[in-house]
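Please keep the sequence and the model in view while reading.

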Amino acid sequence: VQLQASGGGLVQAGASLRLSCAASGRSFSNYAMGWFRQAPGKEREFVAATSRAIGRTYHADSVKGRFTISRDNAKNTVYLQMNTLKPEDTAVYYCAADESIVVVRTAPQYWGQGTQVTVSS
């Protein structure tokens, strides 16, 4: 499966952004989807994940209550709605896919290219 992320940008603290990740190739609904991020000088970290069927979602504690992952299987797209952004959310955001909802949160098989999110104070 090929993944294409988009929607990043430069915003002020408190603003919102919605990232999108379009999937192509194998059946999108067969994959659990996730978002990760990597800030400069830091390791890549898990942000959020959603199961293959619409229902189960997982969010890192650092974004819980501010970010929401969702998916539209008809559009082969997963989203990350990011509200109340903070400067510490600045990072390159990556979407990822794996057949397993467990693995997608740790070591997903497929990765998209990143999209830069910069939050100014």
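**Salt bridges in the predicted model**

In this predicted model, Arg-37 and Asp-89 are both buried. These two residues form a salt bridge with each other, in which the closest N and O atoms are 2.9 Å apart. The salt bridges in the model come to a count of 4.

**The pair Arg-37 and Asp-89**

- Arg-37 belongs to strand 4, which covers residues 32-38, while Asp-89 sits in the loop between strand 8 (77-82) and strand 9 (91-98), so the pair ties together parts of the chain that are 52 residues apart in sequence.

**The pair Asp-89 and Arg-66**

- Asp-89 also meets the side chain of Arg-66 in a salt bridge, with a distance of 2.7 Å from N to O.
- Distant parts of the chain are linked here as well, for Asp-89 is in the loop between strand 8 and strand 9, whereas Arg-66 is in the loop between strand 6 (57-59) and strand 7 (67-72), 23 residues apart.
- Arg-66 is buried, and so is Asp-89.
- Through salt bridges that share partners, Arg-37, Glu-45, Arg-66 and Asp-89 are joined into one network.

**The pair Asp-61 and Lys-64**

- A salt bridge is also formed by Asp-61 and Lys-64, whose closest N and O atoms are 3.1 Å apart.
- Asp-61 is exposed, having a relative accessible area of 67%, and Lys-64 is likewise exposed, with a relative accessible area of 51%.

Key: Residues are numbered from 1 along each chain as its sequence is written. This is a predicted model: local features need pLDDT of at least 70, side-chain atom pairs count only at pLDDT 80 or more; totals for chains, interfaces and linings use all residues. Side-chain values use heavy atoms; hydrogens and water are left out. Helices (H or I, at least four residues) and strands (E, at least two) are DSSP runs, numbered from the N terminus. Buried means under 20% relative accessible area, exposed over 50%, partly exposed in between (1.4 Å probe, protein chains only).
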